[in-house]
Structure formats: structure tokens, C-alpha cells
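Here is a short report on one protein chain. Keep the sequence and the 3D view open while you read.

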Amino acid sequence: MDKERQKELKEAYKLRHTTKGIAAWKSGDNLWIAKTDDANADYNGTSFQLKLGSWPNREMQQAYKENPDSFEWVILKELEYEDPTKDYSEDLEIMLLQCFDEYKDAKPMKPNQKR
């Protein structure tokens, strides 16, 4: 593949329209939530780590180990946006806080994430 084609593909990748919002893993009464810039990538990465037993949230990892079939991935809120190059981190942070208010028993999906 020539360099010009590689450059075109990289640019197209940067301009793709990903699902941004608040994602969650549900298992029984447990709900773990996190903001996401790319829901598909986050789903794949989290699933992979949970299956390997290396997800950093120990409580969530233990629940998965005990009953992996009970886990369900959902998008709680999706951010509507136009410009894929714009930084939407503040919007996602606000959505995350709203979800923690709405889902009182929800827990952070990632250990370094604040509630």
C-alpha cells in the first residue's frame, strides 16, 4: 500500500462517526457505568479483559468470573454530535454525572473513575 493511500485511510478513520455516550455492563442488580468515545472499541476491549480475568475493577471481574452469562452491555445515553474531530469530553462528563444521579446504585466501571 502506498503512502498516499495510508494517509487517506488514516484520515477516514479519524473522521468516522463512533457511538459516544455512557455505556454500562449489567449483571443482576449490579450496574457499572463509564463514559465512552467509541462504544464498540470499549465493548471489545472490556469483553476481552473480562474473559482474560484482567479487568482492573476487581468487583466487576469477580462478578464476571462467577456468572459471565449474566453480563449485558448497554448504552444508557448516546451523545448526538456532528463533528467527529471535536473534543466532547466535557459533554460526556456531564452525561456521566447525570447517569450517576439517575442510577443511584450504579458503580464506576473503571477503578480510577470518580462517581
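Asp38 counts as buried, because its relative accessibility is 16%. Buried means under 20% relative accessible area, exposed over 50%, and partly exposed in between, with a 1.4 Å probe and protein chains only. This is a predicted model: local features need pLDDT of at least 70, side-chain atom pairs count only at pLDDT 80 or more, and totals for chains, interfaces and linings use all residues. Residues are numbered from 1 along each chain as its sequence is written, and side-chain values use heavy atoms, with hydrogens and water left out.

Asp38 sits in the loop between β2 and α2 (39-52). Helices (H or I, at least four residues) and strands (E, at least two) are DSSP runs, numbered from the N terminus. Leaving aside neighbours within four places in sequence, Asp38 is in contact with Arg16, Thr18 and Thr19. Contact means heavy atoms within 4.5 Å.

Lys14 belongs to helix α1 (residues 3-14). Thr46 lies in helix α2. The side chain of Thr46 reaches the backbone oxygen of Asp42 at 2.8 Å. Thr46 also touches Trp25, Trp55 and Met60, not counting residues up to four places away in sequence.

| Residue | Relative accessibility | State |
|---|---|---|
| Asp38 | 16% | buried |
| Lys14 | 55% | exposed |
| Thr46 | 4% | buried |

Two C-alpha to C-alpha distances can be checked in the view. Asp38 and Lys20 are 18 residues apart in sequence and 5.6 Å apart in space. For Lys14 and Ile75, the separation is 61 residues in sequence and 22 Å in space.

**The sheet**

In what order do the four strands of the open sheet stand? The order is β3-β1-β2-β4, and the pairing is mixed. Two strands pair if DSSP finds at least two bridges between them. β3 (72-78) and β4 (107-108) stand at the edges, each with a single partner strand, so one side of each is left without a neighbour in the sheet.

β1 is joined to β2 by seven bridges, and the two run antiparallel. Gly21 has Thr36 in β2 as its bridge partner. β1 and β2 form a hairpin with two residues between them. In that turn, Gly28 has a positive phi of about 60°.

β1 also runs antiparallel to β3, through six bridges. Trp25 stands opposite Trp73 in β3. The bridge partner of Lys26 in β3 is Glu72. Six of the seven residues of β1 are buried, so this strand is largely enclosed by the rest of the structure.

**The nonpolar cores**

In soluble globular proteins, nonpolar side chains tend to be buried together. A nonpolar core here is a set of buried Ala, Val, Leu, Ile, Met, Phe, Trp, Tyr and Cys residues joined through side-chain atoms within 4.5 Å.

Which members of the largest core touch the most other members? Of its 14 residues, they are Ile22 and Ile33. β1 (21-27), β2 (30-36) and α4 (89-102) each give two or more residues to this core. The largest share, five residues, comes from α4.

Technical notes. Polar contact = N/O pair within 3.5 Å; in protein donor to acceptor, adjacent residues only side chain to side chain.
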